[in-house]
Amino acid sequence: MEIQKRKEFGLGLMAMGVTLLIWASFFISLRASSQSALTIGDIALLRFLPAALVFGWLALPKAIKIKQTPKRYLLAIALGAGLPFLLLAANGLRLAPVADGASLIPGILPLFVTSIAAICYRERISSMRKAGIMLIFLGICLFLATSLLSGSGQIATGHALLLMASFSWAWFTIAMRVSGLTPIEGGAVLSLSACICLPVLYLLGFVDFNLLNAPSSEIAFHFIIQGIAAGLIANFTFGYAISRLGAEMSAALGSFTPVLAALIAVPMFTESLNMNTILAMMLIVLGAISASEIITTKKVAIKVG
């Protein structure tokens, strides 16, 4: 039994490693879309349509199980990592640097996950997790202070949108853990709901499309990153990691995303990393590790009810 647990833990870590690489590429792709002919609607279409086709087909035999899942969990999955999340993240990254987005979304995720678990599920918070939350809070304040002191309302707005995206994703993380849905079933819920909502938003004038006029090289790049890697592979690997490592530990490992994303963004977009940004990133990463108690390799389960 112990060997099996170690094997599952190792597989969970491997799945999370793949997820980290994809998440870093995800932020790079969203930032690059602001400099391309593609609209946010195009990015959403490339992201969710392939996933809807694949996960929808694979999850079809489990349609009854999905239908019987409490609606609040389905709603949290659909909104948390679906179209609303993508719109918040994409618009935030059009206003703020990649390092900020990669820090504020997955980096602050453990704070929101822990807070939701404590408030909604009465989970006790240890001293280590409290210390981690405090470090994350300090990192957030440093990010916000930097944007306020710079006098850039654009970056401040971007930070607000990124924080909202992180809170949205936290609900998805919790819902995947407590719903009992597999990564494929959860991926079907969020991708199909996004494809249903996207035409509605287009008719209401909230998104537009320019896919037919965009260069094929840009379409191929974002299709690989968003549609295949983020839309298909990461949905499965992150869901798998949650099922093997727990929501808190998976969220903690996700906090290493900004390091990878920032290293890629510096040469790709000539973005500079000042000392305040580096310090804020360090505080958030250390806080995320402490808040999720990954140092003790303790798997914390969220209780339902």
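Ser168 is found in helix H9, which spans residues 153-179. The model is predicted.

**Ser168**
- Ser168 has a relative accessible area of 13%, and because the cut-off for buried is under 20%, this residue counts as buried.
- A polar atom of the Ser168 side chain lies 2.9 Å from the backbone oxygen of Gly80.
- Beyond its neighbours within four places in sequence, Ser168 is in contact with Leu79, Gly80 and Phe85.

**Nonpolar core**
- The largest nonpolar core has 90 residues.
- Helix H1, residues 2-33, gives the most to this core, with eleven residues.
- Ile108 and Trp169 are the residues with the most contacts inside the core.
- With residues up to four places away in sequence not counted, Trp169 touches Trp23, Gly80, Ala81, Phe85, Ile105, Pro106, Leu109 and Phe238.
- Gly80 and Phe85 are among the residues touched by Trp169, and both are also in contact with Ser168.

**Nonpolar surface patch**
- Val18, Phe223, Ile224, Ile228 and Ile233 form a nonpolar patch on the surface.
- Together these residues have about 380 Å² of accessible area.
- Helix H11, residues 216-245, supplies the largest share of the patch, with four residues.
- Ile228 lies in helix H11.

Key:
Residues are numbered from 1 along each chain as its sequence is written. This is a predicted model: local features need pLDDT of at least 70, side-chain atom pairs count only at pLDDT 80 or more; totals for chains, interfaces and linings use all residues. Side-chain values use heavy atoms; hydrogens and water are left out. A nonpolar core is a set of buried Ala, Val, Leu, Ile, Met, Phe, Trp, Tyr and Cys residues joined through side-chain atoms within 4.5 Å. Buried means under 20% relative accessible area, exposed over 50%, partly exposed in between (1.4 Å probe, protein chains only). Helices (H or I, at least four residues) and strands (E, at least two) are DSSP runs, numbered from the N terminus. Contact means heavy atoms within 4.5 Å. A polar contact is a pair of N or O atoms within 3.5 Å; within protein, one must be able to donate a hydrogen and the other to accept it, and residues adjacent in sequence count only if both atoms are side-chain atoms. Patches are made of residues with over 30% relative accessible area and no salt bridge: like charges are joined within 9 Å, nonpolar side chains (Val, Leu, Ile, Met, Phe, Trp, Tyr) within 5 Å. Accessible areas come from the Shrake-Rupley method with a 1.4 Å probe; for residues, only the protein chains shown count as cover. A salt bridge is a side-chain nitrogen of Lys or Arg within 4 Å of a carboxyl oxygen of Asp or Glu.
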